[in-house]
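Please open the structure in your viewer and keep the sequence beside it, so that each stop on this tour can be selected in turn.

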Amino acid sequence: MGVRIPVLLSCITIFKNFNIITDYMEHQTFGGEVTIPHHAPTDESKKRIWKTTIILSIITMIELGIGYLLYLTEFSHGLDLAFKGVVIILSLLKAFYIVSIFMHLGDEIRNLIMTIVAPLMIFIWFIIAFLYEGASWKNLRNEYNPKEPVKYEQTTTPSHEGGLK
Amino acid sequence: MAQAAAVNTKWWSGGKSPFNVEYGKLMMWYFLMSDAFTFGAFLISYGTVRMSSVSWPDPNKVFNSFPLAGHANLPLVFVSLMTFILIVSSVTMVLAVHEGHHGNRKGVVKWMFWTIIGGLAFLGCQAWEWHHLHDQGAWWGRNPFPNADGTVATTNFSNFFFTITGFHGFHVFSGVIINLIALIMAQTGVFEKRGHYLMIEKVGLYWHFVDLVWVFVFLFFYLV
């Protein structure tokens, strides 16, 4: 998941070119804040919405396709992990499209983008450290305190009584 | 292009908002950032526990039902439906924001209405799924599903599933309420009197964030 940051950083460079803040536009005042219109609403922005919708749908369908592939086929452990990695990258791509187009973060000025994105970079450490810790915990336990796994028996059918006991 | 003008603008010379956004919208962004940390912490703790487990229940064997389909084995089908419902309601939301830019009250009301319908449909799906899992004996502290390797699983799986999808579902629920309030305000002409539809943009940010979180819940609970 550490891929999120380079993806978002590239978003900033991409959208610098899209930046439509212009000086010649008149200032406007919202609730006492003097701001400059981000962009004049045009048919162009509606086209962008539909394009993003299609992209999001296609990515989701690819993800589902990989999900079914993993379900129907027995892959080796390495290949299985590789496919899961692809799905994770595709999800980050989806997140990027939602944030930059639907939430219009890509249209905001760079300083604002950075105050949102920079603190989130702590996730890089957060994810690596904690997942590494979890895996290490498993390995140490298997090495020093191995337990015979309890096999699941279908004799006791799942309870149907319902209600929180 | 306009890029040169943007670079030369002195945002910090005073007299205007240095981030070029209205206060409420900026604060919505910071709230969403903190909310991202909350969900991130949830999902990472889930990942950590899953990594520390020798085996884990197979989502394709747990989530394989569809309403009225009886015992048919349909992995991923229902959750795909939920995912597409949320994507579509995100699109209708962004269309409402778009109409708001034009100051078109009717358009805003129309798309807000469909967004709310999408949110309610998603909540309905989630209610059905929770009910179904509960029927099968899953709840906080109870897990009837075996691990993928055939061993008995701990209750971690159900605990994380119900906690995280529940927290997300609560966000969807509060989003629907907020959208409803915004819809009523748009319909009664509150925003028209204000002269702008910025509130729709702020509500929209929250709604898109809910969709964003679902991308990762969908990924880590159902896909991988």
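Start by selecting chain A of this predicted model, where, among the contacts between residues at least 6 apart in sequence, 65% join residues at least 24 apart. The secondary structure of chain A comes to five helices and two strands, and, if you follow the chain from the N terminus, these elements run α-β-β-α-α-α-α. Of the 165 residues in chain A, 17% count as buried.

Staying in chain A, select K51(A), which has its place in helix α2 of that chain. Is K51(A) buried or exposed? There are 12 other C-beta atoms within 10 Å of K51(A), so it counts as exposed.

Next, turn to the largest nonpolar core, which has 71 residues, and select A96(B), M112(B), I200(B), F218(B) and L219(B), the residues with the most contacts inside it. The elements that give two or more residues to this core come from both chains: α2 (43-72) and α3 (77-102) of chain A, and α2 (23-51), α4 (77-101), α5 (105-135), α6 (156-187) and α8 (198-223) of chain B. Among these elements, α8(B) gives the most to the core, with 18 residues.

Just after α4(B), you can pick out G103(B), which takes a positive phi of about 70 degrees.

For the last stop, show α4(B) and α8(B) together: they pack at an angle of about 160 degrees, with their axes 10 Å apart. An angle over 145 degrees counts as roughly antiparallel, and α4(B) and α8(B) are therefore roughly antiparallel to each other. The crossing in which α4(B) passes α8(B) is left-handed. To see the contact itself, select residues on each side, including V79(B), L86(B), M93(B), A96(B) and G100(B) of α4(B), and I200(B), G204(B), W207(B), D211(B) and F218(B) of α8(B).

Conventions
Residues numbered from 1 in each chain as written. Chains lettered and ligands numbered in written order. Predicted model: local features only at pLDDT ≥ 70, side-chain atom pairs only at ≥ 80, totals over all residues. Core = buried A, V, L, I, M, F, W, Y, C linked by C-beta atoms within 7 Å. Buried ≥ 20, exposed ≤ 12 C-beta atoms within 10 Å, placed from the backbone. Helix = DSSP H or I, 4+ residues; strand = E, 2+ residues; numbered from the N terminus. Axes fitted to C-alpha atoms, helices over the stretch in contact; angles between N-to-C directions. Parallel < 35°, antiparallel > 145°, perpendicular 65-115°, else oblique. Left-handed = near helix turned anticlockwise from the far one by under 90°. Contact = placed C-beta atoms within 7 Å.
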